[in-house]
Amino acid sequence: MTSGTRAIDPARFARDRSRVTGLLAVDQLPRLADLLFSREGVVSYSVEGDTSANGQPMLRIRLSGDLAVSCQRCLDCLPLHLDVQRELVLVAAAAGVDPLQDEDDDTDAIPSTDALDLHDLLEQEIVLSVPMAPRHPESACGIQAADEKSGDAGSPFSALARFKRPQN
Ligand SMILES: [Zn+2]
């Protein structure tokens with residue numbers, strides 16, 4: 001996909017069982033910028049048209065790639081592997097979204113339009129795939145490790161002991 005927008009007719013795309021694949025450079029995804037530690041990297045995508053079990057047109061989206069986001073605790077680099085599969089059922093814009101469609105986290109309903117901007121849609125799905133507050137696991141996070149090194153004297157247990165002593 002080039003840097004320009006690429007619109008599809010999603011209902012027709014689904015009916016024809018069309019398929020597109022490609023690569024998105026992370027630095028082409030401005031809505032992701034605030035979350036990123038580094039703007040390097042690419043996300044590969046595939047979008048496939050299909051029909052749901054209920055006969056509704058749908059798009060199957062698959063995203064895979066490696067991002068470098070910022071850990072929200074230590075602000076250092078946090079590698080994040082994306083491997084996302086989503087099913088987007090197209091519903092007539094006037095019909096609203098059937099709440100039943102949202103029972104499954106991997107399935108969503110989107111309003112059907114004549115022209116769906118694929119780049120926009122994929123960018124949105126990537127943003128949704130990144131945790132709200134990504135963090136290293138506690139054992140791997142810079143801040144947590146520093147706390148533990150200096151924290152022996154002030155562990156929760158010794159603090160609790162100090163707190164209890166006067167009551168004895
Ligand atoms: Zn961290």
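Visitor: Which residue in the turn between strand 5 and strand 6 has a positive phi, and how many residues lie between the two strands?

Guide: Strand 5 and strand 6 form a hairpin with six residues between them, and Leu75 in the turn has a positive phi of about 65°. Note that this is a predicted model. Leu75 is not a glycine. Its place is the loop between strand 5 and strand 6.

Visitor: Which strand is joined to strand 4 by seven bridges?

Guide: Strand 2, residues 19–25, is joined to strand 4 by seven bridges, and the two run antiparallel.

Visitor: Do strand 6 and strand 7 run parallel or antiparallel?

Guide: Parallel: six bridges join strand 6 to strand 7, which covers residues 107–112. Here Val91 stands opposite Pro111 in strand 7.

Visitor: How many helices and strands are there in the protein, and in what order do the elements run?

Guide: There are four helices and eight strands. From the N terminus on, the order is β-α-β-β-β-β-β-β-β-α-α-α. Contacts say something about how the chain comes together: among those between residues at least 6 apart in sequence, 59% join residues at least 24 apart.

Visitor: Where is Phe37, and what does it touch?

Guide: Phe37 lies in strand 3, residues 36–38. Leaving out residues up to four places away in sequence, Phe37 touches Ala68, Val69, Ser70, Cys77 and Leu78. Phe37 and Cys77 are 40 residues apart along the chain, yet their C-alpha atoms are separated by 5.6 Å. Phe37 counts as partly exposed because it has 17 C-beta neighbours inside 10 Å.

Visitor: Which residues touch the most other members of the largest nonpolar core?

Guide: In soluble globular proteins, nonpolar side chains tend to be buried together. In this model the largest nonpolar core has 21 residues, of which Tyr45, Met58 and Leu59 touch the most other members. Helix 1 (10–15), strand 4 (42–51), strand 5, strand 6 and helix 2 (118–129) each supply at least two residues of this core. For Leu59, the contacts beyond four places in sequence are Pro10, Phe13, Ala14, Val47, Gly49 and Leu88.

Visitor: Which residues of helix 2 are buried?

Guide: They are Leu118, Leu122, Glu125 and Ile126. Seen down the axis of helix 2, its buried residues fall within an arc of 100°, so they line one face of the helix. They pack against strand 1 (7–8), strand 2, strand 4, strand 5, strand 6 and strand 8 (116–117).

Visitor: What span should helix 2 have?

Guide: At 1.5 Å a residue, its twelve residues should span 16 Å, and the end C-alpha atoms are 16 Å apart, which agrees.

Visitor: Where is Arg17, and what is its phi?

Guide: Arg17 is in the loop between helix 1 and strand 2. It has a positive phi of about 50° although it is not a glycine. Arg17 is exposed, with 10 other C-beta atoms within 10 Å.

Visitor: What pLDDT does the protein average, and where does pLDDT stay under 50?

Guide: The average is 82, and 74% of the residues score at least 70. Over residues 150–154 pLDDT stays under 50, and for these residues the model has two contacts beyond four places in sequence.

Key. Residues are numbered from 1 along each chain as its sequence is written. This is a predicted model: local features need pLDDT of at least 70, side-chain atom pairs count only at pLDDT 80 or more; totals for chains, interfaces and linings use all residues. Two residues are in contact if their C-beta atoms, placed from the backbone, lie within 7 Å. Two strands pair if DSSP finds at least two bridges between them. pLDDT is the predictor's confidence in each residue, from 0 to 100. A residue is buried if 20 or more other C-beta atoms lie within 10 Å of its own, exposed if 12 or fewer, and partly exposed in between; C-beta atoms are placed from the backbone. A nonpolar core is a set of buried Ala, Val, Leu, Ile, Met, Phe, Trp, Tyr and Cys residues joined through C-beta atoms within 7 Å. The expected span of a helix is 1.5 Å times one less than its number of residues. The arc is that of the directions from the helix axis to the C-beta atoms.
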